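Student: Could we go through this model together? I would like to begin with one residue and its surroundings.
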Amino acid sequence: MNVTLRQLRVFRAVAESRNFSRAGDQIGLTQPAVSRSIFELEAQLGLKLLDRTTREVALTEAGQSLAARLDRLLDELEQTLLDVQGMASARRGKVRVASSPTLSANLMPACIAACAREEPNIELVLLDRIQQDVLDSVRAGEVDFGVVIEPASQDDLQCETILEDPFCLVLPPGHRLAGRKQLRWSTLDGEAVVLLDHASGSRRLIDQALARHGAHCIVQQQVGHPTTAFRMVEAGLGISVMPALAVPPAGLRSLVVRPLMPRVERAVMLVHRRNRAPAPLAQRVWQLIRQTTASIHPAS
């Protein structure tokens, strides 16, 4: 197989613009040159990457698969060539990190800001995805590493816990349990609840804790984001078990938050593929996220 860097760059431009002329303008080639490069790439791979009509260009299934991984591949290749040529130091480049939604919203902004401040030559690119998609991206090598809630299966992952985040109860101030300073999990037995759905890394842990403490709840709604759950609690649809990190630092103006006892925590972890150490730049970002998390959420 003799696939060239130029062919891959041309394909990426066409995949992004979905138009041969615009792709040519973007990379400084004529439309015939773009067409020729795509034809040569497809011939080398032995499959069709694009479906062309007079009005549009669409990616085939193979084209979608290649396009999904190409940005990372070309970034790494270009960075390697720059390093070999001595045109870039080991402190300059791009690091891709995937993170599940509650962590993207409530933990990663501070980490991205810290990276911009302390490592200005590193571009931290955050991919905000549901937990399973984060794990899939890590396992496929599409990202340098992920920030997740402790995964059920860790056999093929190298994991490091950076935060232990306790679960708490969110309820309206007029609820019969709201007057207590803390609550036992068992007191939730029979209560109507609004919970995060099973795409969340936390749901498995919440279900296990409720079952372990004999709390058989009536699940009224299952939602994808804590903010949605808070609005439903405000509307009187039920109470909610949430990780403490999902509660805004300033609290919830129309709701009360109470600790649940015994304390049950979810582990927030950095994960990468086992036996595939992150590149030096990614290791610097890994360490920075660990340090930033420890500074804003010291162990209790």
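Student: Which residues is arginine 72 in contact with, leaving aside its neighbours within four places in sequence?
Tutor: Arginine 72 is in contact with Arg96, Gly141, Glu142, Val143 and Asp144, where contact means heavy atoms within 4.5 Å.

Student: Before we go on, what kind of model is this?
Tutor: This is a predicted model, in which local features need pLDDT of at least 70 and side-chain atom pairs count only at pLDDT 80 or more, while totals for chains, interfaces and linings use all residues. Residues are numbered from 1 along each chain as its sequence is written, and side-chain values use heavy atoms, with hydrogens and water left out.

Student: Back to arginine 72: where is its place?
Tutor: Arginine 72 lies in helix 4, residues 61-84. Helices (DSSP runs of H or I, at least four residues) and strands (runs of E, at least two) are numbered from the N terminus.

Student: Is arginine 72 buried or exposed?
Tutor: Arginine 72 is buried, because its relative accessible area is 15%. Buried means under 20% relative accessible area, exposed means over 50%, and partly exposed is in between, with a 1.4 Å probe and protein chains only.

Student: What does the side chain of arginine 72 reach?
Tutor: The arginine 72 side chain reaches the backbone oxygen of glycine 141 at 2.4 Å. With the side chain of aspartate 144, arginine 72 also makes a polar contact of 3.2 Å. A polar contact is a pair of N or O atoms within 3.5 Å; within protein, one must be able to donate a hydrogen and the other to accept it, and residues adjacent in sequence count only if both atoms are side-chain atoms.

Student: Changing topic, how many disulfides does the count come to?
Tutor: The count comes to zero, with a disulfide taken as a pair of cysteine sulfur atoms within 2.5 Å.

Student: What about threonine 4, where is it found?
Tutor: Threonine 4 is in the segment before helix 1 (5-17). Threonine 4 counts as partly exposed because its relative accessibility is 31%. The threonine 4 side chain reaches the backbone nitrogen of glutamine 7 at 3.1 Å. Threonine 4 and glutamate 40 are 36 residues apart in sequence, and their C-alpha atoms are 9.5 Å apart in space.

Student: Finally, how many helices and strands does the protein have?
Tutor: The protein has 10 helices and 12 strands, and its C-alpha trace spans about 75 × 45 × 35 Å along the principal axes. Buried residues make up 43% of the 300 residues. Of the contacts with a separation of 6 or more, 73% are accounted for by residues 24 or more positions apart.
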